[in-house]
Amino acid sequence: MNFDCKPLANYSLEDRNTLGFDVVAEWALPITQAEQIPPAIRWAKNAGLSHRVLGGGSNVVLPAQLPGLTLLMDIDFIEVLENRDSNTRLRVGAGVNWHALVGWTLDQNYRGLENLALIPGTVGAAPIQNIGAYGVEVKEYIDLVEAYDCQTNQWVSLSKKDCRFAYRHSVFKDEPNRFVITAVIFDLPKEWQPRVSYSDLTNYFTNRAIETIAAQEIFDAVCAIRAQKLPDPKVIGNVGSFFQNPVISNQQLQFLKEQFPQIVSYPESATHSKLAAGWLIDQCGFKGMQLGNVGVHNKQALVLTHRGGGNAGELLGLAEQIQKKVKETFGVDLIPEPIFFN
Ligand code: EPU
């Protein structure tokens, strides 16, 4: 089939970024089939334009005018590749809503993704920052990532190893705009254990024997906990955590603990620990602070918010103030979690 490439000029992305910024793409093209991608990339190259991919827009900060071609990832399918006694393999289109996929897997009694309930965004975006919450990272369940490689102009299937997953990181962050992810293949083992060791979940299930907790109950618990702490992007613009939890050496942690005995940390490896960035920001007095049209969420200081009328510049100004103060107070650098498009 011949795929014509007819991008749309001056396309509003206000409904396609969860910060709710007023953003206009110079050119945009909804992608419902992978085969549309090579001609779209060629079109952009021939016109001398850059390109980028937008899923749910829940982890990006966009400028008011987004130059070049923006591919709107709407590839929507869920395919059961194998359903065996040992495991289930699913192939899922990049445009599928992440939370809808998690709900669907539980309806089929395929367990494993329940701790990742209610994370905004799409399936194609999940591997990019290796989404993680409540003690689980998506990398554990990813078998392959299908993508178009814009550097070699070839279709590729990246293994878990090729993806170079780490905490909130992957090859897709190292090489932005190289790969257009079209589908993700998940491998969900049938052998399953409830994972409730993250303190919020342990507290939620107080007095329950772990082996009696069902996957659907964990899904419900995670939804309830997230709804309490994190603002609903449909109501208040946000991109979830604005900063990564900083990873520091255990030596630096010891030093910080002497000055700040209450500091919240988690072991990351034999030599390093992760600090709760929300705690650091909270201690610096930013929680609930409002600066023009942007602010810091009053229930979770790691989340920056936008209530309308603001823009990327204003948000980045607030982020810089926070980074500066945290650095002065704790000597720690905060690295932003969302991707900044320009
Ligand atoms: N804390 C404060 N004040 C705050 C916020 C947090 O003192 O304003 C303390 C909490 O009391 C707790 C600790 O910091 O002791 C950690 O807080 P929380 O459990 O809310 O988790 P987090 O480390 O802030 C991470 C992820 C979230 C994920 C949760 C649950 C990152 C950058 N963020 O947040 O992911 O939902 O754990 O697993 O790793 C996201 O990436 O967008 C996101 C929401």
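Arg 178 touches Tyr 148, Asp 149, Cys 150, Gln 151 and Thr 152, leaving aside residues up to four places away in sequence; contact means heavy atoms within 4.5 Å. With Asp 149 there is a side-chain polar contact of 2.7 Å. A polar contact is a pair of N or O atoms within 3.5 Å; within protein, one must be able to donate a hydrogen and the other to accept it, and residues adjacent in sequence count only if both atoms are side-chain atoms. Arg 178 sits in the loop between helix H4 (171-174) and strand S12 (179-189). Helices (H or I, at least four residues) and strands (E, at least two) are DSSP runs, numbered from the N terminus.

The model is predicted: local features need pLDDT of at least 70, side-chain atom pairs count only at pLDDT 80 or more, and totals for chains, interfaces and linings use all residues. Residues are numbered from 1 along each chain as its sequence is written, and side-chain values use heavy atoms, without hydrogens and water.

Now the ligand. Domain 2 (78-189) and domain 3 (237-340) both give residues to its shell, so the ligand lies between them. The domain bounds come from an automatic or database domain assignment. H8 (277-283) is among the elements that supply at least two shell residues, and H8 gives the most, with three.

Which side chain has an N or O atom 2.6 Å from a ligand oxygen? That of Tyr 198. For Gln 300, the side-chain distance to a ligand oxygen is 2.9 Å. Ser 241 uses a polar backbone atom, 2.8 Å from a ligand oxygen.
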